[in-house]
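I opened the model to look up a few local features and to note them down in order.

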Amino acid sequence: MLRTGRGITPLRMKETMPQSSFYAKVRRGLPAVIAQWLALGQGDTDRLALILAETARVAKLGEPEATPSGATLEAWSDAERHEEIPLWAGRTAVFLLVQMPARPQPADDDEACAWAYCWLRNRQVDDYDAAVAGLPEHLRAPLDAALKAAWVDQQGLRLV
């Protein structure tokens, strides 16, 4: 949001933020988060889409307007298609992935930024140390830089 003399105007992310910004990395990393859920979740894509949507609703991570189809979930997992992935889907996928015994981790910086962003959005923490302490041990090193960037980004948004 941008404060102007006439009130608050929403910012258009693509017009105002450089592509190297933290949020741009988050958006580029979300397909990989969904892809991990598809790879590690148990069931066909329609079932995994249902689990994702129902978990979002029950865990209060978002309110999907409708349950996506398996084909939609596959489209969201394809970074080349540039699908607009709703944040509830990324947040919920991270919520589920963090609990898996397989202990998945992000594969690159963009995906780590998506994990870190969703991790912070899913939790109510008062300080950075609490955000780190809440992470499972196997994610602390892979998310170190990304979580710091997510924290700075989140704090910057609170100033507006």
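**Entry 1: Gln36 and its helix**

I began with Gln36 and found its place in helix 2, where helices are DSSP runs of H or I with at least four residues, numbered from the N terminus. This is a predicted model, so I kept in mind that local features need pLDDT of at least 70, that side-chain atom pairs count only at pLDDT 80 or more, and that totals for chains, interfaces and linings use all residues. Residues are numbered from 1 along each chain as its sequence is written, and side-chain values use heavy atoms, with hydrogens and water left out.

Is Gln36 buried or exposed? With a relative accessible area of 15%, Gln36 is buried (buried means under 20%, exposed over 50%, partly exposed in between, with a 1.4 Å probe and protein chains only). Leaving aside residues up to four places away in sequence, I listed Gly41, Leu97, Pro104, Gln105, Pro106, Glu111 and Trp115 as touching Gln36, contact being heavy atoms within 4.5 Å.

I then followed helix 2 as a whole, residues 22-40, and noted that its 19 residues reach 26 Å from first C-alpha to last, close to the 27 Å expected at 1.5 Å a residue (the expected span is 1.5 Å times one less than the number of residues). Helix 2 bends by about 35° at Gly29, with Pro31 following within four residues; the bend is the angle between axes fitted to the seven residues ending there and the seven starting there. The buried residues of helix 2 include Gly29 and Pro31.

**Entry 2: Helix 3 against helix 5**

I next looked up how the axes of helix 3 and helix 5 lie, and they come within 9 Å and cross at roughly 95° (axes are lines fitted to C-alpha atoms over the stretch in contact, with angles from 0 to 180 degrees between N-to-C directions). Helix 3 is therefore roughly perpendicular to helix 5, a term for angles of 65 to 115 degrees. On the helix 3 side I noted Ile51, Leu52, Ala53, Thr55 and Ala56, which meet Trp88, Ala89, Thr92, Ala93, Phe95 and Leu96 in helix 5.

**Entry 3: Two loop residues**

Lys60, in the loop between helix 3 (45-58) and helix 4 (70-76), has a phi near 60°, a positive value in a residue other than glycine, and counts as exposed at 69% relative accessibility. His82, in the loop between helix 4 and helix 5 (87-98), has a positive phi of about 55° although it is not a glycine, and counts as exposed at 68%.

Definitions and conventions
Angles under 35 degrees count as roughly parallel, over 145 as roughly antiparallel, 65 to 115 as roughly perpendicular and the rest as oblique.
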